[in-house]
Amino acid sequence: MATIDGRPAQYGISLKQLRELMEHRGREGVAMICEFGGIHELCKKLYTSPNEGLSGSKADEEHRRETFGSNIIPPKPPKTFLTLVWEALQDVTLIILEVAALVSLGLSFYKPADEDAPVLQEEEEHHGWIEGLAILISVIVVVIVTAFNDYSKERQFRGLQNRIEGEHKFSVIRGGEVCQISVGDILVGDIAQIKYGDLLPADGCLIQSNDLKVDESSLTGESDHVKKGPDVDPMVLSGTHVMEGSGKMIVTAVGVNSQAGIIFTLLGAAVDEQEAEIKKMKKEAKKASKQANKSLTGESDGRTPMKGSQTQAQASSQRQPVSEGTKSESDGNHVPQSSSTSAPAETGHKKEKSVLQAKLTKLAIQIGYAGSTIAVLTVIILIIQFCIKTFVIDEKPWKNTYANNLVKHLIIGVTVLVVAVPEGLPLAVTLSLAYSVKKMMKDNNLVRHLDACETMGNATAICSDKTGTLTTNRMTVVQSYICEKLCKVLPTLSDIPQHVGNLITMGISVNSAYTSNIMGGQNPGDLPIQVGNKTECSLLGFVQALGVKYQSIRDEIPEDKFTRVYTFNSVRKSMGTVIPRPNGGYRLYTKGASEIIMKKCAFIYGHEGTLEKFTRDMQERLIREVIEPMACDGLRTISVAYRDFVPGKAALNEVHIDGEPNWDDEENIMSNLTCLCVVGIEDPVRPEVPDAIRKCQRAGITVRMVTGDNINTARSIASKCGILRPNDDFLILEGKEFNRRIRDTNGDIQQHLIDKVWPKLRVLARSSPTDKYTLVKGIIDSAVSENREVVAVTGDGTNDGPALKKADVGFAMGIAGTDVAKEASDIILTDDNFSSIVKAVMWGRNVYDSIAKFLQFQLTVNVVAVIVAFIGACAVQDSPLKAVQMLWVNLIMDTLASLALATELPTPDLLLRKPYGRTKPLISRTMMKNILGQALYQLFIIFSLLFVGDLILDIESGRGQELNAGPTQHFTIIFNTFVMMTLFNEINARKIHGQRNVIEGLLTNPIFYTIWIFTMISQVLIIQYGKMAFSTKALSLDQWLWCVFFGIGTLVWGQLITSVPTRKLPKILSWGRGHPEEYTDAMNLGEERFDSIDSDKKPRAGQILWIRGLTRLQTQISVPLRVIRAFRSTLEDLNERRSMHSLHSLRSPRTGMPLGVGHPLYNFNLLSPNYNKHQHQQQQQPPPQQQHNQSSAPLPLDISYIDEDPQQQRTLHNGRTTSVNISGSASTTQSKRVPGLSPGFSEIAHTLQQQVRSNQNETHHSNGQNETRI
């Protein structure tokens, strides 16, 4: 019998059986597993061990891959370069040019026999074909450049997607060791550890679980979280989110065989079919419209729904097994619900555009209109003049060769249009964004949604978490209170009574996620590496510092021995683990925020480890004299407690049981605890944060801290960071007080009440994710400030999803963030550091400025080229700038200039100005002054050269030349001067805020000066050697010097323009002012125009002409968006990120504080009615107070005793002003599900389905809607 790695090659279960197994749910699933002999028997059939996992040998892994497949869903192949070339050729303006060039080429070879051609012209005839060919070559260059840009962009985003995919790691057990492997390497038979916040990468069956709840809405559409467990519902599916708890599963299906993979594959097939059907429908609709216009509606109405329902039926039939095993009441709801719920979300999202895009789209449309009008007028005027001169004045008869003249006029007109339509705009936007995104990766910002990059430049408020973002998230226990002894240095095990020491080390080692570990540094001198939840790591470090190996305790009590685990959730705010006692009975260990655990304690170990009753007075004294001073030092306080359940005679702090207690009666189980210790954990402020916050404040951005931590800890850290400044008028609120202030008597949130709070609010402590969402929504919806606030938010927990979605820019933590938070975010901070947000602001402002620079440059060229061509056509019957020359100018100003100006690096000066705001005009008065000023100078020079240049420079005039006359030096000088002025104006365009020094920083941008020098050399070659192809004649050195002199003149003229005071100019000169909402019509243009297949009113060619340029902007930005959105963005080692028992999420908004330290428990009376009067006084107190606490202690600094003599303790801390109201009760904040969130696979699925359906709906209803289309 064949063997692999010492085991039989034939598995005890086939791929087909496993697929069938995963189609069952709930009780059916349990029954199916029992049919296979139970979960342990299933592990045996797959040759794996629940505790040891797979062996990890290469042969075994390879065999599993061959048998059950790998965990990769093959992506759609990328477009080939030729496909992109073909797409670029579809541009209508280019097609017109190609046709005109071909006609021109054909006519140049056409010699009618009956004509007596003058001898003079014969020489010229040889060159007649050159211009046509030159235009064709120019078109080919433009097409290849466009296709190459698209190709490199696609490659860049594929690379990004592969990186994101490759860095999504997952915890599995292999060879008895927990290791992190890439999601693509997960195999059938792997034992995976799953925990709160995970996005499941494969299907599996649960071996063991603790309080596990999963959000399956992405697959089934059911919004309720599904409780999972080996005895309840053991099936967990890929693409679903773990919302609570933890567990261990055996992987049973990967890749295309998993539930998400099956739907994904089906969807791909369905979409292809749908596309084929839509093409077929278009053809049929055309045929039908020829026969009878009326039958059009019937045709589309009759067919589309049939196809839609067919595909829907197909999809639901394929997905039916998904819902088969669910409870009967939810049967049949799954598929329709998922599609209907996602529909509005998707369509809504499709229309959303950033402010900049909206303004650019509108601008491009207006330029398109103006350009089209002038182009048409140019052609009409040229043709009328030619006809009048030839047929009326000269009274010549029609000759076939005259067709050539008409084609030449058409080419000039089309060229004017090419120059007028700013198709470089989309390129500039895409390049600027793509370049910024690439560079931002180096600054630890992974951008998931491109427009977030630009929005960040306008941010006016940042709501930041504390732990890990403002602080280092490297936690260490620095103070402890054990057996009435307060130690400000770490105690040794000999200082603690033995039985108490054993309980503490056991309680911490067992009651923390087994994924939290402390590893040795890579080099001998390095600090140890904290893996998993940082707060748990600090406690494990405390155990190690006591001289105990926590791993040996864990080895004695593996997870499968746990009787019950109470994982963190937003109501519980603490964590507990129940283990069996060696002599019978059970022991519960629990840990959490000190105030929360204290309330549940009835006993405490006193002096020398004697057990004492823990009275209310003692609790108050402990909070006042231990916990508060620690919090005022910026420490987070955690308490560890336990309780014993014994079958025999119970001691004072034990409880007698006859059978197994009712573990679901959590309130009773978690009461009458015995307090073991209180520890103070320090999380130092990141050294670079205070400076980063100062930069934000200088840049007009308000930073607020939203934390789940204790109010004293929050205030201390906020003061150290610089969020609280000594003389500012600010508020520090707890979540409870915040809710009291913003709700009316009925408990409803009122915007006018939020408006009274948020402007002064700087710290929100003890806040829940719901409070965070409320604050963000309140600031965004507020009308208090002149411009709408643009809010950025950081978050890491699953519950932060709604706030991240609501914010204008959501930042998820790359290290500590859960998959759910990342899914909801726009940018992922790969180092969880606040200073990276400041870099994002800088890049955002830089994007806005880069595009403004390009606009300033391009509009000058546009205005000049169009006016020169138009007036030249009217006055000289010929455009001074020939078609090929204009195409070259177009290439300079579009592709090359957008590359040069869009790749300027950000400078620190960007942070010295206030945010632009959403209503800031796109083209400011300063920019308009530069555009019009430079245009006037250039037009003056060009028209002077056109009309008197031949006299001044003593050369032959180029005006009034015959059609086939060769190029003249006169017109060559005009072309050369125009390009020189354009090139030197490109240097002027680098500054848009009226700075005088336009050269500054020029050498820091190699792309700019390389392109500039390349363009200059190309221009010299074109002038000297271009001849007929470029309609140029070589110039002498004198003539070159004149051209360069006029070019440098733009720099001097630019200094004069800068001297004109901008404020004196009328505001009407700025463009793009007003609210972004005004641009919505323009924004929808590109998408809506072509949605309808059968629309009666087809867009006119003129519209297509310029819409084509604009839609490129939309497609170029939406392609990468779709690519990125489709993949789950997990960035750093899961080790570095989260703990199995979801401890870290206890930090609600993201304090990193396990166990509820992040939540309102006590109402600290910081907010007395006359709070505002004494505000400054109070805010400044904590730092001196801390010094006072430490310096005035009558006992040695490191150890003080807290015993029966309260007087002594009062003198110890008499500097305190903060009083505590112990009557507060724990607030129960319901955890909120992230609405509309779905993982990568399903998101693609829903998006595609909706697009397909919306296409069909457009088809049915187009007739009813076409009146509203332009």
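**A sheet and a helix pair**

Visitor: Hi! How many bridges join strand S11 to strand S27?
Guide: 3 bridges join S11 (residues 461-464) to S27 (residues 791-795), and the two strands run parallel. Strands are DSSP runs of E with at least two residues, helices are runs of H or I with at least four, and both are numbered from the N terminus. Two strands pair if DSSP finds at least two bridges between them.

Visitor: What should I know about the model itself?
Guide: It is a predicted model, where local features need pLDDT of at least 70, side-chain atom pairs count only at pLDDT 80 or more, and totals for chains, interfaces and linings use all residues. Residues are numbered from 1 along each chain as its sequence is written, and side-chain values use heavy atoms, leaving out hydrogens and water.

Visitor: Back to S27: which residue there is the bridge partner of Ile462?
Guide: That is Ala792.

Visitor: And what is the strand order in the open sheet?
Guide: The 8 strands go S10-S29-S28-S27-S11-S24-S26-S25, with mixed pairing. S10 (445-447) and S25 (731-734) stand at the edges with a single partner strand each, so one side of each has no neighbour in the sheet.

Visitor: New topic: at what angle do helices H30 and H33 cross?
Guide: Roughly 155°, and the axes of H30 (residues 834-876) and H33 (residues 969-988) come within 9 Å. Axes are lines fitted to C-alpha atoms, for helices over the stretch in contact, with angles from 0 to 180 degrees between N-to-C directions. H30 and H33 are therefore roughly antiparallel to each other (angles over 145 degrees).

Visitor: Which H33 residues does H30 meet?
Guide: Phe978, Thr982, Asn985, Glu986 and Asn988 in H33 meet H30 residues including Phe857 and Val861, with contact meaning heavy atoms within 4.5 Å.

Key. Parallel < 35°, antiparallel > 145°, perpendicular 65-115°, else oblique.
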